Amino acid sequence: MRLFHPSNSLLGVLRLIFQLSQVLFGNIDTWVIWNLTGGPQGGVHVTDVSNASRTMLMNLETLDWDDEILKLMGIPRAMLPAVRPSSEVYGHARGALEGIPVAGDLGDQQAALFGQACYDPGEAKNTYGTGCFMLLNTGTKPVPSKSGLLTTLGYKIGNQPAVYCLEGSIAITGALVQWLRDNLKMIENSKDIEPLARTVEDNGGIYFVPAFSGLFAPYWRSDARGVIVGLTRYINRGHIARAALEATAYQTREVLDAMNKDSGVPLTALKVDGGMVYNELLMQFQADILGVPVIRPKVAETTSLGAAYAAGLAVGFWSNFDELRANWGKDAEWHPKMAPEEREKLYAGWKKAVERTFGWVEV
């Protein structure tokens, strides 16, 4: 009998499982669809292109499992789900939902992109949560990133060509507000950050770079750590709160600049969703530092909406993207009010502050 302990790799454990029994493998979407359509009694074993791309086992061009990678990892193709479009009738539910089509499957951020009706190249969305995830539609050809972004699959609707994206991930955004609440006890609730930040007119000359566990896109610096720079005796709690909110906007600007550089398509507006989009001060500053309008939809839960849109297209509830665009509604829009020279001055200060985070940890 072979025993495994924590030092063994997950891959080794999986290989032992393969040897002992016949198993099926997939992401959580695969498991849900399989159970909805019958599970052991004839369940459908599928995933969609967006979820398959997250396993790093799928070829972005063939939209199928990559034989070379499977061989390298020792994963039998027979155990993997079939890779299907994001909008298609995969099967029909069994049990309490008997006969209902199971028809839409999208990864989290891709579903938000689809729910935000970003169907044309150059359209982008940013989801503001504990971190931020920004996706830019780059059309039907994958665009290799040279600026620290991820080239990923956006979605595939039926027999239409797949749509690709550039994605930038930011580790700490809303989590910074939580840190001020839980670690420093500066506020009682996350929503208190905005009124506190409004007690001052600006950040007082300070920048807060929340590289708590390094920096994600576009830097990918694991040696970075968080800093607050520019401190003087003039600084108070309000300035720190305002700098914390501004950090989210600055980091988004950095990802946007990388996307513009890679794609060659300048962004004209940014659609936003997630918990932080109800912070009016942040949204206005985001528009100011980007120099483009920021648009919040009526339905902020765009991930769920995107999955519903994909399913609705598959069963004929909606006919085309024009109907989905008409269904999407704007709740609020912020336009830049900051002078271009002020914008670039503030952003230059941020870039200088980011450099101060580099090399703090020796890796």
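**View 1. Leu136 and its bridge partner in strand S10.** Leu136 has Leu166 of S10 as its bridge partner. Strand S8 (residues 132-139) and strand S10 (residues 163-170) run antiparallel and are joined by seven bridges. Strands pair if DSSP finds at least two bridges between them. Strands (E, at least two residues) and helices (H or I, at least four) are DSSP runs, numbered from the N terminus. The model is predicted: local features need pLDDT of at least 70, side-chain atom pairs count only at pLDDT 80 or more, and totals for chains, interfaces and linings use all residues. Residues are numbered from 1 along each chain as its sequence is written, and side-chain values use heavy atoms, leaving out hydrogens and water.

**View 2. The open sheet of seven strands.** The strand order is S9-S10-S8-S7-S13-S14-S15, with mixed pairing. Strand S9 (150-155) and strand S15 (330-334) are the edge strands; each pairs on one side only.

**View 3. Glu88 in strand S5.** S5 spans residues 87-92 and includes Glu88. Glu88 counts as buried because its relative accessibility is 19%. Buried means under 20% relative accessible area, exposed over 50%, partly exposed in between (1.4 Å probe, protein chains only). The Glu88 side chain makes a polar contact with the Arg84 side chain at 2.8 Å. A polar contact is a pair of N or O atoms within 3.5 Å; within protein, one must be able to donate a hydrogen and the other to accept it, and residues adjacent in sequence count only if both atoms are side-chain atoms.

**View 4. Helix H9.** In H9 (residues 280-290), 10 of its 11 residues are buried. Gly291 follows H9, with a positive phi near 80°.
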